[in-house]
Structure formats: C-alpha cells, structure tokens
Amino acid sequence: MEDIWSGIAAAFGLIVTLDRDLIDITLRSLQVTLTAVAIGAALGIPLGAWLAVSRFRFRRVTIAVLNALMGLPPVVVGLVVYILLSRSGPFGVFGLLFTPTAMIIAQVIIVTPLVASISHQALREIWADYHDLLISLNTTKWQRIRTITWDARRALLTATLAGFGRAIGEIGAIMIVGGNIDQVTRVLTTAIALETSKGNFALALGLGFILIGLAFLVNLAMHWLSRTEQRGRW
Amino acid sequence: MIARFISTLFALFIGSVVHADALRLAVTTSFHNSGLSDVLLPEVSVDTGLEVQLLVVGTGQAIRLGQAGDVDAILVHARAAEDAFVTEGYGTHRREIMANDFVFVGPVGDPAAAQTATTASQALERIALTESPFVSRGDDSGTHTRERALWESSSAAPDPNWYRELGAGMGATLNTAAAMGAYTLTDRASWLNFGNRRGMSIVFEGDPALLNQYAYLPVSAERHPHVNQNGAIILETWLTSERGQTLIGNYRINGEILFTPNAKAP
C-alpha cells in the first residue's frame, strides 16, 4: 500500500519538475498513438461506412471477421510485424524495425479493425433510418456515405476514442517492434515495464498515473474540440 | 484546418525515422540493469560522437537479433553461443571486455543453509535437498545458460514442485524471487542495482565456476552489408581503450566494484 503513495509522490515530483525524460517519453507516446489512431480512423471509418451501405455476397462473413479482429492479440501482431520488418524479413530493406514507424504500423493494425467495427455498428443504425430517404433522392453511394458519416460523427468520435484507448495503453506489440530503446522508441508503457523490472515500483507507478492522466486529457480535449456535451445540446 | 492537421501528422511520421549513423547494440539485461550503460554511453558520445542505441534483451535474443542483422553488434555473456555465432559467420570476431561474477540470492533466513556450502554445485544440492523454492530465468539468457550448466554439474536435479521457470528478464526474476521467498542465480551487478530486495540477501558467492565473462561481437558486414561496421569498430576500440576500461573498472554502487575490465590487445 505504501508503494501506491510513493507512486503518487513520484508522479507528482516528475510533473512538477518537468522531468526532461518524462516529457520526451510522454510526447513519443502521444506521437506514436495519435498517428496510429489518425491512420486507423482514416482507414476504419470509411471501411465501416462502406460496409454499412453496401450489399454483397460475403458481407456477413466480412463483418464477422472484422468483429473478431477487434480481439487481435497485440503480442501476435507485434511478432508478425517484427518478422516482416526484420532485416531477414521481406521488408527488411527499409530498415524500419526498432523505429517509431514500426510501432505506428503495429498499432494501426491493432486499431483499424476496432474503429471499423464500432463505426460500422453506429452507421448501420443511421443507415436503417436514412435508407428510404437517401434511396428516393437517387443519391450516389459516395453521397450516402458522406451523409451518414457526418450525421453519425459523435458515434464515430467514440469509435476513434476507443481506438485511442486501446493503443495508448498497449505494450505487447510496441515492445517487440520498438525494442524500448532509450531516446528513440521508449514510450510510457515500455518505460513502466522497464522500471518494474528494475524493482523501482514507485517510479513505475508514477509513470502509470501519468499515463492514465494523459488518456483522460486526450479524451477531454477531443470532446472539447468537437463541442459535444455542451449545455442545451444533444 | 484539416490540411494543417494532416501536414502535422505527416511531419510527425517523417520525423520519426531514425538517423542512419547510430549504432544498434543488443546487450544483456544484466549489463543494462547494472547501470553501467548509463555511465558509459554518454562518454562514448562525447569521445567519439557515436550514438549508441541499446536493445536490452537476454543473450539468446541478442544472438538472434545479430543473426538476423537487426543490430550492428552484441554484448553478451554465454561462451558457447558466442563461439557458435562467430563460427557460423554471423559475427566477425569475439572480444572480451570485462567480467564479474554470479551470486546466489535467497531469503535472509537461508532455509537451505546454502551459505555454508563450499561450491556452487553444493549450494544447489542443498536447495534441492530441502526443496526450497528456486526461480529460474528460463529465457535462454546467459544467466539461464549458466544456471543450467551448474545444475548439470551438481548431483541434484530441478523438480517442478519447487523449481519455477519464469521466462523473464533478470529484474523481473528478482522481483518474483523476492515475492516468493525463493532462491535464484543473478549476476552481481544486477543485484547491487536492484531496488526491491525486501527480505533477500546474497547467500552464496565466490566459487570460480561463477565467473561471468562479457564479450563484444560485431555483426559480420559480409553477411549483412547494411550493418554499421564503422561504428562497431569505433565502439570496440573505445571499450577496449584505456579510458573505456578505466571507466568500467571505476564503476561502483555503494562503494562496491561491479566489473573487472579484462580486454586484451587483439
């Protein structure tokens, strides 16, 4: 129990003194995760929308697969990306292993199915409501996708934040493909694992509290930017 | 607004590509957990301008990384695996850098009376006889390799009732041993730098069979043309130089010397 108090004290100390390493690590965490989530949303939301308005033969199977991919184990994703990016793997010539880019690639693979799947759920309901109207107006598929994604933007924000939530606390994949190199690929979660392995529980816990605070701030900022939950608005 | 957002993202993405002149070195967890790397690397950077990026892994994985060409050099401690690495052509040569020793740590009460053993094998036999809990790295690291060799040379055999294989790094293994009140084998440097020793102390040390030799092996540029061969030579020269060796020899925690530099002229 006293470890928790010293953890809170350590977190407080790191923040008050604006610890240089902490700032670097935190910014790197944000850089990797926000980039991955942005790419994941850019791929996942259109995919979800397209699945909602299209009817094709293997639609049910495709959606079932997509839902199953939400539970993709990050460690396995990390291992596969590692093997692909290794110098002796097919994409070895790019020299991407143990760089933040490799971490972003792994996280995009983890985040995209989650965003696509949640987006699809939300858009499907809107599509059921709008279906007759949009068909009677003789809209193109592109116009339909645009209309429903705009009107479902709040739900899509939730989908994106769910993706962020999965990525920011993720360690299995980024530890393997990033390698936890100081000043290069060390992020909050891998730093926590490292400090725990050194037996520095207070510092590890302090970093953990900072990670939780960061997730909270990002969520709040996204809501603030998109002006949801304001007085008198639904 | 959206264009700016996208260009910022793009800048972040491009900005994340690593500079090419850095040297990637895979080191054992014991080397890094000792804190020595935090002392040496800034000096390397000042003296030679070389940026060294450390990948902290077990010896088994370090050798895998070297074989795949994902690092430029490795610093490990498992003689047989090192020799195979060079013979199979993955490494150009093997250069000894420094040594320290392994110690057995365990609960302060020492229920197995390992303290009064005369050899490392005897200490293990006593642990086996009393069926005291023993945790093993179980990760094919240099420490794990040595531990298995010590069991082989003793007359006792590990039994899953009290012998636990973790598959974890040195620090995690020490954490587990502390929580379980178990014995384990660790290198002295990791132990001295370990922050969570509650109820644990060194129970056996000093047998010559516990010597722990670290060696540096550059990855062969013949097999992997992209490796930073120049950087690997610069680092080797620095580590074996008088300055590097003195810094290694002077590194202490709580007044205790951790490593004995022992590089020989090539």
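B:Glu131 counts as partly exposed, because 13 C-beta neighbours lie inside 10 Å; a residue is buried with 20 or more other C-beta atoms within 10 Å of its own, exposed with 12 or fewer, and partly exposed in between, the C-beta atoms being placed from the backbone. B:Glu131 sits in the loop between helix 6 (120-129) and strand 5 (134-136) of chain B. Helices (H or I, at least four residues) and strands (E, at least two) are DSSP runs, numbered from the N terminus.

Before going on, please note that this is a predicted model, in which local features need pLDDT of at least 70 and side-chain atom pairs count only at pLDDT 80 or more, while totals for chains, interfaces and linings use all residues. Residues are numbered from 1 along each chain as its sequence is written, and chains are lettered from A and ligands numbered from 1 in the order in which they are written.

Most residues other than glycine have a negative phi. B:Glu131 is not a glycine, yet its phi is positive, about 50°. B:Asn254 is not a glycine either and also has a positive phi of about 50°. B:Asn254 is found in the loop between strand 10 (252-253) and strand 11 (256-257) of chain B. With 6 other C-beta atoms within 10 Å, B:Asn254 is exposed.

Now for the domains. Chain B is divided into domain 1 (21-99 + 212-261) and domain 2 (101-210), with bounds that come from an automatic or database domain assignment. Their C-alpha centres lie 26 Å apart. In all, 19 residues of domain 1 of chain B are in contact with 17 residues of domain 2 of chain B, where contact means that the C-beta atoms of two residues, placed from the backbone, lie within 7 Å. On the domain 1 side, helix 2 (29-33) and helix 4 (59-68) of chain B are the elements that give two or more residues. Helix 2 of chain B gives the most, with 3 residues.

The two chains meet as well: 22 residues of chain A are in contact with 25 residues of chain B. On the chain A side, helix 2 (20-53) and helix 5 (100-136) of chain A each give two or more residues, and helix 2 of chain A has the largest share, 3 residues.

Chain A itself has 10 helices and 0 strands. Of its 234 residues, 44% count as buried. Its C-alpha trace spans about 65 × 55 × 30 Å along its principal axes.

Two helix pairs of chain A are worth a look. The axes of helix 4 (residues 74-85) and helix 5 of chain A come within 10 Å and cross at roughly 135°; axes are lines fitted to C-alpha atoms, for helices over the stretch in contact, and angles run from 0 to 180 degrees between N-to-C directions. Helix 4 and helix 5 of chain A are therefore oblique to each other. Among the residues that meet are A:Val77 and A:Leu85 in helix 4 and A:Ile105 and A:Ile109 in helix 5 of chain A. The axes of helix 2 and helix 5 of chain A come within 5 Å and cross at roughly 35°.

The table gives the make-up of these contacts by class. Ala, Val, Leu, Ile, Met, Phe, Trp, Tyr, Cys and Pro count as nonpolar, Asp, Glu, Lys and Arg as charged, and the others, Gly among them, as polar.

| Residues of | Make-up |
|---|---|
| Side of domain 1 of chain B that touches domain 2 of chain B | 6 nonpolar, 12 polar, 1 charged residues |
| Side of chain A that touches chain B | 7 nonpolar, 12 polar, 3 charged residues |
| Contact of helix 4 of chain A with helix 5 of chain A | 9 nonpolar, 1 polar, no charged residues |
| Contact of helix 2 of chain A with helix 5 of chain A | 21 nonpolar, 10 polar, 2 charged residues |

Key: Parallel < 35°, antiparallel > 145°, perpendicular 65-115°, else oblique.
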